[in-house]
Amino acid sequence: MTDAADLHQQRIASRIKQRYAAERRFRALGFFAVAFSVLVLAFLLVTMTSNAVGGFKRTELRFPIDFSTGLLTIDPSQLEGPNAMQALQGAGLPDVVAFAAAKAAGDVAGTELADGAWREVGKRLITNPALLRGKLDTSLPVSDDLASAWRGEGSAALQALATKLKADGQLVRAFDPGFLTRSDATDPQAVGIWGALKGSMLTMLVTLALAFPVGVLAAVYLEEYAPRNRWTDIIEVSINNLAAVPSIIFGLLGLAVFLWIFPNFRSAPLIGGMTLALMTMPVIVISGRNAIKAVPPSIRDAALAIGASRVQTVFHHVLPLALPGIMTGTIIGMARALGETAPLLMIGMRAFVAAPPDGFTSPSSVLPVQIFLWSDEINRGFVERTSAAIIVLLLFLLAMNGLAIYLRNRFEKTW
Amino acid sequence: MVTTLHDRDPIDAKISARNVSVFYGDKKAIDDVSIDIATQYVTAFIGPSGCGKSTFLRTLNRMNDTIASARVEGEISLDGQDIYRSGMDVVQLRARVGMVFQKPNPFPKSIYENVAYGPRIHGLSGSRSELDEIVERALRRAGLWDEVKDRLTDSGTTLSGGQQQRLCIARAIAVDPEVILMDEPCSSLDPIATARIEELIDELRGRYAIVIVTHSMQQAARVSQRTAFFHLGRMVEYGKTSDIFTNPREEKTKDYITGRYG
């Protein structure tokens, strides 16, 4: 009897050891998995940001312009109104700037200023005409060639010049806030992300305005009203499949249908948004249905039993409770749409657009396509700009996800 | 073998059901039930689990409509009008026949909003002060006013289980129904909260016809004046509560009352 009992205990003890070992193994594996993903993410972020830091800078030449010597003769009254910049150009400001640069840094440097660099001086003069009577210290972007020379590329003569100017402290890498306010250009010194960012925002607005109401209404109808039969089953399967369709196919659809209906809106945020809305809608429907399903039936019973109609039950009770889930799903779908490139290439959003879009129907670029285009450039100056654009895209995504979390916590109800 | 009330105790019927059968798909859940439910009484439905008493209760305010496969045959009338007739407005019916559920299910809104919701959707109050009055009256009748009057803006879900159930009762009576259906209202409550609800049911009886489904025979004996015993989808016996518990006519009832099954 006692022998049998001992054996029993031994078996249990050895079994327990095995169980603990299994627990430890599982925990270690789980920890390893998390650590691995954190490492990969950290590596990605660190390389991206270290590259991107350079992307937010540009190479500038520092030199003074002495207007007091009467280099530029212009009537101060001309500095008002919309034509001030033309007036300055007419008065020879570009030459004045180039001359001052040549005087300070040598004749070659005078020709190596970026094309529109004088406009930055012009803007300062327009906002403050008093500068016309004094000496102005400027720091203006140099040409792409000189910027390449700074990095050790291009002709030996320019490289030597760059090294000399760098040693004198005249050629510097300076933070370039204009990157966030300019648009695409052929010169990496002069590009900006604003056009693509604004295009992305407009596109997302169109996507949201189309996909959210349609998706939520479809989810409500399917969950609360539709009878359970073969047709609703087919619809359900179709929606699930639609969410898994490769995005480029939505692009083809947009090309074939939307651009056929609106042939003049090629590359416009309106068409891009409509195409992405097609892609986002199934995600919203699926997450919306799950959120609606998660609302306890007792709440519906309570509302119905008190005499609420079905519409009242849905809009007063079910939807408010499902809203956090719906919004989370929506923003996940929107985030996916924001990072989508392929369908937008199909509808012509890969055009070179040098100005930010005026509205929903003017040609535009979007962030991921801009990144794709810049990464394709041969010019090394675009490499850093590409990283900077990626950081802008990631920050935009982060802001959207932050908004999702805020909204979820704001509307979440506990009971 | 259906025994209705009429033969030994004629009453003033508020709801009368005649030959009611309920199907879930092909399955017959209620088989040929006829019953009259009186105005000023508490009527208890007792019986073992799955006997169909809750199903039958839910036919009385057409809550079974929400179940797609459910089908009702026979005739149920409220004040002589068939509630399953084609022109019957379900919303109006449920305003007249309120319901309290097994698990307290307050809306995740404030206590005030919970009670005010019904009057609001039915347009019962013209002004804010009128609505305040309705809410206060309902909460007083449900015996909850003194406990919550200082925290009407708190969420209804912060109350204890028993208070939540009384809030649900207040919510039901805020629209001034004629009948209140209660589906095992105390099954998730502790004995003290149960006693409080039973007291409340007794207080409300003069004003509404109350139908209560309960698992507990003691509860049926304590709160009801009329009891119907259900078994396997049929109503076996219906009569004065005192008669059912002391002098049942059916062998099955007697077996159930004495604890032989169920």
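A:L393 sits in helix α16 of chain A, which covers residues 381–411. Helices here are DSSP runs of H or I with at least four residues, strands are runs of E with at least two, and both are numbered from the N terminus. The model you are looking at is predicted, so local features need pLDDT of at least 70 and side-chain atom pairs count only at pLDDT 80 or more, while totals for chains, interfaces and linings use all residues. Residues are numbered from 1 along each chain as its sequence is written, and chains are lettered from A and ligands numbered from 1 in the order in which they are written.

Is A:L393 buried or exposed? A residue is called buried if 20 or more other C-beta atoms lie within 10 Å of its own, exposed if 12 or fewer do, and partly exposed in between, with C-beta atoms placed from the backbone. A:L393 has 21 C-beta neighbours inside 10 Å, so it counts as buried. Setting aside neighbours within four places in sequence, A:L393 is in contact with A:L367, A:P368 and A:I371; contact means that the two C-beta atoms, placed from the backbone, lie within 7 Å. The C-alpha atom of A:L393 is also 8.0 Å from that of A:G339, although these two residues are 54 apart along the chain.

Now follow the whole of α16(A). Its end C-alpha atoms are 46 Å apart, which agrees with the 45 Å that its 31 residues should span at 1.5 Å a residue. The expected span is 1.5 Å times one less than the number of residues. Besides A:L393, the buried residues of α16(A) include A:G381, A:E384, A:R385 and A:I390. Among the elements covering the buried residues of this helix are α1 (2–55), α6 (144–150), α8 (194–225) and α15 (367–375) of chain A.

Another helix to find is α10(A), residues 247–261. Its 15 residues reach 21 Å from first C-alpha to last, close to the 21 Å expected. At A:G254, α10(A) bends by about 30°, the bend being the angle between axes fitted to the seven residues ending there and the seven starting there. A:G254 is also buried, as are A:F250, A:G251, A:F258 and A:L259. The cover over the buried residues of α10(A) includes α11 (269–293) and α14 (342–346) of chain A.

Step back to see chain A as a whole, with its 16 helices and three strands. Its radius of gyration is 31 Å, well over the 22 Å that the globule rule gives for 415 residues, so chain A is more spread out than a compact globule. This radius is taken over C-alpha atoms, and the rule is 2.2 Å times the number of residues to the power 0.38. Along the principal axes, the C-alpha atoms of chain A fill a box of roughly 110 × 65 × 40 Å. Buried residues make up 37% of its 415 residues.

Where does chain A meet chain B? Here, 17 residues of chain A are in contact with 22 residues of chain B. On the chain A side, α12 (297–305) and α13 (310–338) each supply at least two residues, and α12(A) gives the most, with six. By class, this side has nine nonpolar, five polar and three charged residues. Ala, Val, Leu, Ile, Met, Phe, Trp, Tyr, Cys and Pro count as nonpolar, Asp, Glu, Lys and Arg as charged, and the others, Gly among them, as polar.

In chain B, look for an open sheet of four strands in the order β2-β1-β4-β5, with antiparallel pairing. β2 and β5 (81–82) stand at its edges with a single partner strand each, so one side of each is left without a neighbour in the sheet. Two strands pair if DSSP finds at least two bridges between them. Eight bridges join β1(B), residues 13–24, to β2(B), residues 27–38, and eight join β1(B) to β4(B), residues 70–78. B:F23 has B:K28 as its bridge partner in β2(B) and B:R71 as its partner in β4(B). In the hairpin of β1(B) and β2(B), with two residues between the strands, B:G25 takes a positive phi near 65°. Two bridges join β4(B) to β5(B), where B:S77 stands opposite B:D82.

Finish at B:A70, in strand β4 of chain B. This residue has 18 C-beta neighbours inside 10 Å, so it counts as partly exposed. Beyond its neighbours within four places in sequence, B:A70 is in contact with B:V22, B:Y24 and B:N64.
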